[in-house]
Amino acid sequence: MRASIIVVIGLVCLLVPAAALDNGLALTPTMGWLHWERFMCNTDCDADPQNCIREELFMQMADVMVKEGWKDAGYEFVCIDDCWPSQQRDAQGRLQADPKRFPSGIKKLADYVHSKGLKLGIYADVGTKTCAGYPGSLGYYDIDAKTFADWGVDLLKFDGCFMPDWHQLGEGYINMSSALNQTGRSIVYSCEWPLYEWQHQQPDYEAIRKTCNHWRNYGDVYDQWTSVKSILDWTAEKQKIVVPVAGPGGWNDPDMLIIGNFGLSRDQQQTQMALWAIMAAPLLMSNDLRDICPKAKELLQNKQIIAINQDPLGKQGYRILKADSFELWERPLSGNRLAVAVMNRQEIGGPRRFTISVAIMPSWKLCNPKCNVTQIMPTYKEMGVQNLLSEVVVQVNPTGTTLLTVNPL
Ligand SMILES: *[C@@H]1O[C@H](CO)[C@@H](O)[C@H](O)[C@H]1NC(C)=O
Ligand SMILES: *[C@@H]1O[C@H](CO)[C@@H](O)[C@H](O)[C@H]1NC(C)=O
Ligand SMILES: *[C@@H]1O[C@H](CO)[C@@H](O)[C@H](O)[C@H]1NC(C)=O
């Protein structure tokens with residue numbers, strides 16, 4: 001297949017994003033681990049002590065993150081999702097951890113995580129209850145922000161279930177943002193505001209960027225290829241709206257990396273990793289780091305892919321072409337470089353060739369007079385010096401992705 005198709009590019013790469021939340025955090029996308037997709041709301045510690053939501057789970061993940069190179073690769077946050085609290089607030093109206101599953105309390109857990117050089121994330125909800133039915137923060141934003149700060153929490157994932165009046169979603173998220181600011185502690189603020197607002201109207205992304213460090217736009221990721229595809233399709237469809245607002249301090253969050261679990265083939269895992277890098281997505285793994293296959297670990301710790309994700313320019317990539325069951329995505333990088341992902345969406349047959357004619361690709365003008373193309377994935381391969389007359393040919397497996405960087409010479 002030859003890329004001799006009209007290349008349609010929006011203005012997405014020309015706009016400078018509006019001001020971000022002014023807390024100095026998330027200047028590159030957050031990296032870490034989050035329990036939800038893999039461990040969900042498993043609270044049955046009698047029957048399943050290894051996999052239930054309790055303090056040991058997070059301590060063990062922190063241990064492994066240091067021992068097995070995750071921290072060195074950049075994964076820094078150990079994040080608790082729903083189902084950690086007690087059903088009752090304490091006498092002062094504060095949230096408290098479930099006493100059976102977190103007998104030492106969250107402050108001790110934060111101290112432990114910090115002693116490993118890592119950071120702790122926690123979860124709460126803007127409405128009256130969390131999505132799993134635990135106490136919500138509506139009416140308690142100041143108390144809860146102060147409680148999290150007192151405990152030494154470093155990130156808050158703030159869900160959007162059970163908001164009695166959706167018109168107040170924005171107000172709730174904004175109020176919690178100022179409550180966090182008032183604590184004086186640096187706390188990354190991860191929102192689900194647009195996800196819940198899209199059900200009623202197009203969200204105000206400028207306001208969201210001023211309020212949150214990252215924000216979920218679309219439904220939860222599942223351990224299946226269909227889910228990853230639907231997230232990519234949604235993002236490409238809405239890219240004119242969501243891409244321009246991403247930048248240092250504020251990111252679109254397409255949800256967790258499910259690499260290392262059960263539902264994705266090797267090629268599909270590579271696609272998720274490559275496209276999350278192109279999308280400047282937070283890299284929050286939800287898997288069992290205590291027991292993960294070496295190939296998945298190698299992929300998640302791939303330095304070149306992580307460097308694309310963490311590129312300091314902070315521009316989110318976008319899809320520039322969809323044709324003949326291929327998708328071509330690109331992301332402008334610092335140093336006038338470019339990352340390019342070619343995904344094969346055909347789910348039958350074998351590897352297919354895709355040819356990029358440099359001359360017709362507007363973003364490849366950095367190849368005038370010369371550039372250097374490197375294949376990052378599936379294998380590292382220097383593809384040599386190219387110019388405007390070059391045709392760059394890649395081979396892509398069904399549901400897989402080939403990832404390149406293009407560097408001016
Ligand atoms: C709170 O907001 C002010 C003004 O936007 C900012 O300068 C300050 O760094 C913020 N503090 C925290 C802890 O986020
Ligand atoms: C947000 O704060 C304002 C000002 O204190 C208050 O009037 C409003 O009710 C709050 N909204 C929510 C949803 O907490
Ligand atoms: C091409 O780029 C790679 C890094 O991506 C570099 O190691 C190599 O030396 C470059 N080759 C040339 C000819 O510049």
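1. In this predicted model, strand β11 (residues 337-344) and strand β16 (residues 401-408) pair in the antiparallel sense over six bridges, and Val-342 has Thr-402 of β16 as its bridge partner. Strands (E, at least two residues) and helices (H or I, at least four) are DSSP runs numbered from the N terminus, and two strands count as paired if DSSP finds at least two bridges between them.

2. Both strands belong to an open sheet of six, ordered β9-β10-β11-β16-β13-β14 with antiparallel pairing. The edge strands, each pairing on one side only, are β9 (318-323) and β14 (381-386). From one strand to the next the twist averages 20°, where axes are lines fitted to C-alpha atoms, for helices over the stretch in contact, and angles run from 0 to 180 degrees between N-to-C directions.

3. Helix α11 (residues 266-278) packs on the sheet, touching β9, β10, β11, β13 (371-377) and β16, and its direction makes about 145° with that of β11; contact means heavy atoms within 4.5 Å. Helix α9 (residues 225-237) lies across β9, β10 (326-333) and β11, and runs at about 60° to β10.

4. An unreviewed UniProt entry places the feature "domain: Alpha galactosidase A C-terminal" at residues 314-400, given in the numbering used here, although such annotations may be inferred rather than shown by experiment. Over residues 314-400 the chain is 0% helix and 54% strand, with the end C-alpha atoms 25 Å apart.

5. On the numbering and the basis of the model, residues are counted from 1 along each chain as its sequence is written, while chains are lettered from A and ligands numbered from 1 in the order written. Local features need pLDDT of at least 70 and side-chain atom pairs count only at pLDDT 80 or more, whereas totals for chains, interfaces and linings use all residues, and side-chain values use heavy atoms, leaving out hydrogens and water.
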